[in-house]
Amino acid sequence: MEIADLEKGVILLTGDAKKLARAYMKAWLSQGKTFLAERLPFGIDEFGENVFIGSPYEGVTFDGYIIVNPLSRSKNERARLYSWIKENRGRIILLYETKYVKDSITRYGIKEFIDYLVAYKRETAGFERVDIYKMEDGKVVKKKSYIRRI
């Protein structure tokens, strides 16, 4: 709930967690926020007129942004993204990564820029696991895990 109530911050959502991304988007949009997405990993129809598709680098200001697969980009693209994140820290930035990253986040330079890491994993034993890390200056300051049987 803390993440859904954010007014600003950078959230890295990993593990192709479409349900979580939708829930966060619905919470933010219900507060009247508008978002710009590079692209959406799910349908745009359910969000109405407050979600736009386009490049975040074009200088248009929105309440929030969705960046897809930031860890899978080239070195130059990541450097450009990190610079852009520094300039837009006063907004909500949802970084949606399809691959699963949890403890290995320490190997990525993006750890310095994120406020929350939400790692979703669907286990083969019939349950889903969500690990939420609160980050400060690239270090984990708080961690919670949630498990749901399916």
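What joins the side chains of Glu-128 and Arg-148? A polar contact of 2.7 Å does, where a polar contact is a pair of N or O atoms within 3.5 Å; within protein, one must be able to donate a hydrogen and the other to accept it, and residues adjacent in sequence count only if both atoms are side-chain atoms. Bear in mind that this is a predicted model: local features need pLDDT of at least 70 and side-chain atom pairs count only at pLDDT 80 or more, while totals for chains, interfaces and linings use all residues. Residues are numbered from 1 along each chain as its sequence is written, and side-chain values use heavy atoms, with hydrogens and water left out.

**Glu-128 and its partners**

- Glu-128 sits in strand E7; strands (E, at least two residues) and helices (H or I, at least four) are DSSP runs, numbered from the N terminus.
- With Arg-148, Glu-128 also makes a salt bridge at 2.7 Å, N to O, the term being a side-chain nitrogen of Lys or Arg within 4 Å of a carboxyl oxygen of Asp or Glu.
- Since Glu-128 lies in strand E7 and Arg-148 in strand E8 (residues 139-149), the pair ties together parts that are 20 residues apart in sequence.
- Glu-128 is buried at 7% relative accessible area, whereas Arg-148 is partly exposed at 44%; buried is under 20%, exposed over 50%, and partly exposed in between (1.4 Å probe, protein chains only).
- Tyr-120 gets a polar contact too, side chain to side chain with Glu-128, at 2.6 Å.
- Neighbours within four places in sequence aside, Glu-128 is in contact with residues including Lys-19, Tyr-146 and Ile-150; contact here means heavy atoms within 4.5 Å.

- The whole structure has 7 salt bridges, and one of them pairs Lys-102 with Asp-131 at 3.4 Å, N to O.
- Lys-102 is in the loop between strand E5 (92-97) and strand E6 (116-123), and Asp-131 is in strand E7 (residues 127-136), so this pair ties together parts that are 29 residues apart in sequence.
- Both ends of that pair, Lys-102 and Asp-131, are buried, with Asp-131 down at 0% relative accessible area.
- Asp-131 has a salt bridge with Arg-129 as well, closest N and O atoms 3.0 Å apart, and Arg-129 counts as partly exposed at 23%.
- Shared partners join Lys-102, Arg-129 and Asp-131 into one network.

**Glu-97, buried with no salt bridge**

- Glu-97 belongs to strand E5 and is buried without a salt bridge; Lys-99, the nearest side chain of opposite charge, is 4.9 Å away (Lys and Arg count as positive, Asp and Glu as negative; His and the chain ends are not counted).
- What the Glu-97 side chain does reach is the backbone nitrogen of Leu-71, at 2.9 Å.
- The side chain of Ser-72 makes a 3.1 Å polar contact with that of Glu-97.
- Residues up to four places away in sequence not counted, Glu-97 touches Leu-12, Thr-14, Asp-16 and Asn-69, among others.

**Helix H2**

- H2 (residues 75-87) has 13 residues and should span 18 Å, and its end C-alpha atoms are 19 Å apart, which agrees; the expected span is 1.5 Å times one less than the number of residues.
- Buried in H2 are Leu-81, Tyr-82, Trp-84 and Ile-85.
- The buried residues of H2 fall within an arc of 165° seen down its axis, so they line one face of the helix; the arc is taken over the directions from the helix axis to the C-beta atoms.
- Turned away from that buried side are the exposed residues Lys-75, Asn-76, Lys-86 and Glu-87.
- Cover for the buried residues of H2 includes strand E1 (9-14), strand E4 (64-68) and E5.
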